[in-house]
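Student: I have a structure to go through. Can we take it step by step?

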Amino acid sequence: MTSDPRPHAERSHDSLSGALPAGLPTAAAMHRRPLAGGEGLDLLVVPMESPAASASMTIDVDATAVTVILRDWLTAAADSRSAVVIPLYDCLVAWAPGRAAIGGPPDRLAALEIAVVEFATREAELREAERRAAVLLEAIDGDLATDESDDGRAREHGPALASRYREAVAIGRRLSLLASAVHAPPVHPPTLASQVGERLRDRTRLVERHELARERGELVERVAEASRQRALELSVARQQMGLEWAIVVLLVVQTAILVVDLLSRRGTP
Amino acid sequence: MAAVNLPTEILPTHTMPSRPPRIAIVGGGPSGLFVAWHIEEQASLPVDITIFEATDRLGGKVCTPQFSAAAVRYEAGAAELYDYEGVGNDPLRELIRGLGLPTVPLTGSAVHMSGRRIACLDDLENAHGQEARDRLVAFDTWARAAMTPQEFFESGCDHATMACPPTRFDDPLDAIGSPVARSYVETMIHSDLATEPSATTAAYGLQNYLMTDPAYMRLYRIAGGNEQFMTTLAARIAAKVRHTATVTAICSESDGRFTVTWRSADRSNDETFDIVIVALPVAALAGITFRDEPLAAAMQRHLTHHDHPAHYLRVSLLIDEPAPVVPGEDDYIMVDAFGGACLYVESSRDPVTRHGVLGWLLGGEAASTMASLPDDAITAAAINALPAPFASCRGRVLEARVHRWIGAVSAVPGGWQSLPVATRHRPSPTHPNLFVAGDYLYDSTLNGALDSADYVAGWVASTLAPMTPASRHATTDTAA
């Protein structure tokens, strides 16, 4: 993924999704970046002119105030429990689902933006996979109860099971596509973007979440497959039983005909 | 455990010693403790182990004392441990885990050069231009090609192979072609190298460079202080420990045993042992007299091969509150002062402390030169050299401690020409029951010390079974 090469000032009018928090520098801008799956990211960009940006490892006093403002803005987001704020030398990165803020010297903002948008894209994909896996997981109990029943429900349940199986396979496919990014080894020598991306990945426990989502998907896949198999076996068994009864009836009829035939021949000289 | 009743005729009575074999371990540092631990773990017979330690504490350069002005701990020696589990089996990590010690990862990527912080390639390019960045990337690419993570992991083993040229480390550094990129690399690794690039091999230099890459290795520490590792290990060893007992001489006897002469409180003592394991740094090994001529000659060859002293100097500063914090979440930074030094922000190790602790690690010539200065002068230099983010700490130092580790490690672990592992650990073939163990035989790390101890313990354990007076003569005669 590449960032928009235009300067931040030119982009500040792009699809603004909300008002800027009060107290930020005038050069601050917010724009909405589309993410995979139809989600969007409200990205707040805060240029922070630090007089000794590259010589100092500490964020100056103004930056500390900006940190507080950004933290408040993030916690107002829908899922503020997942919010992370990462001070990185003279830069600041803050993220929550659907919202992100980057602050730092203007020459660092492009690298920070690439890292944050890349991370947000991966995280959104993973979150969507987690949501879909959770929905499937809830249906497991019903599937298990159904495939134990010997009434017609198992047969009727077949299409739903097949749909769930396909959904579980689709989730697995999405997660496997994500795996290379989630499990990528740290970049060495590091770049600013790689440092930010790795810290965000670690702080949001992306690796563990990916593993859990994959395990859930695999569990649903196994259960759905087993349930489908069980439903198929029940269906085949029912057909076999019908066939067996038909054979029995035919044999009885044949026997009756034979008996009648024998009895009718008895009186014949 | 229930006794197993074997038929008397199949009991190996001829191999059973009449008493537990007596084993002397000279040196109560990490190597000595590791050897004792492994022998007790691996020996199939009861053993009588005595550890001779010249000081009043065990653990050597793994040392976490407290300041006097406040009950705050600091690392006076080894500040970090190396985690190889990303590449292969890591016995040190397993041992620490087995002892139930919690560990914490250590991170740091900033190099402070000429007052500027270089924390990533972007910083290097911003400060010194595209060429410096390209040269560093080229060196990094070359270094990875010269030594893969697996080769890095296996370095020091008999079967180790690598494409690294058999030159001194300053050759590949010269080839970088950019003074800034070279300075960056040197600053980054100088304190770990503990020597100058011209005084070590390209392979060892590369190891120290590549250990900054998480694909090769990660750093960690033990929560509550690294010395806990040594004290916990020592508490689980049944060996007798003779503190403040300096071994001055070792003499082989005609029956294959050894007389160890040791001094304590101005009194000289002699004790006889079946097996002697010398687990000392090379510098301390030179202080032991080997009275038997062939043994003395063999040990002199061993010393000559391995005598490449490297030096550390630790300066720890206790700062009054507030504790300094590095916004990059780094536990340490590299600084170009003192030819390249590491500054550990030890405050980050204790979240509830009301004090700050900054720990300098100096290495190589700077450490060697400054070690001769009085503590006050060393402390003043360390305070003056604090980089800009810690400038406010200069007037707030409550207490400073200096620890000198001169000759404590090897600049060329394993020697310029690598010897077989067996030769490294048993310098004299005619004295099969005298072993040496130490990190200088592998890679100057605690992992190397453990590998060395494991090797010696395995050998000792396998020799213990046939160790009777008669078999001792036989072994010696055969070897002779």
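Student: How many helices and strands are there in chain B?

Tutor: First, this is a predicted model, where local features need pLDDT of at least 70, side-chain atom pairs count only at pLDDT 80 or more, and totals for chains, interfaces and linings use all residues. Residues are numbered from 1 along each chain as its sequence is written, while chains are lettered from A and ligands numbered from 1 in the order in which they are written. Helices (H or I, at least four residues) and strands (E, at least two) are DSSP runs, numbered from the N terminus. Chain B has 16 helices and 19 strands.

Student: At what angle do α2(B) and α15(B) pack?

Tutor: Axes are lines fitted to C-alpha atoms, for helices over the stretch in contact, and angles run from 0 to 180 degrees between N-to-C directions. Helix α2 covers residues 91-98 of chain B, and helix α15 covers residues 446-464. Their axes lie 9 Å apart, and the angle is about 90°.

Student: Which residues of α2(B) make the contact with α15(B)?

Tutor: Two residues are in contact if their C-beta atoms, placed from the backbone, lie within 7 Å. From α15(B) come B:Leu446, B:Asn447, B:Leu450 and B:Asp454. From α2(B) come B:Pro91, B:Leu92 and B:Leu95.

Student: Is B:Ala367 buried or exposed?

Tutor: B:Ala367 sits in helix α12, residues 364-370 of chain B. A residue is buried if 20 or more other C-beta atoms lie within 10 Å of its own, exposed if 12 or fewer, and partly exposed in between, with C-beta atoms placed from the backbone. B:Ala367 has 28 C-beta neighbours inside 10 Å, so it counts as buried.

Student: Which residues is B:Ala367 in contact with, leaving aside its neighbours within four places in sequence?

Tutor: B:Met211 is 156 residues away along the chain, and its C-alpha atom is 22 Å from that of B:Ala367. The contacts of B:Ala367 are B:His311, B:Tyr312, B:Leu313 and B:Leu362.

Student: What is the order of the three strands in the open sheet of chain B?

Tutor: Two strands pair if DSSP finds at least two bridges between them. The edge strands are β3 (81-83) and β4 (103-106) of chain B, each pairing on one side only. β4(B) pairs with β7(B), residues 218-222, over four bridges. The pairing in the sheet is antiparallel, and the order is β3-β7-β4.

Student: Which residue of β7(B) stands opposite B:Val104?

Tutor: β4(B) and β7(B) run in the antiparallel sense where they pair. Opposite B:Val104 stands B:Arg221.
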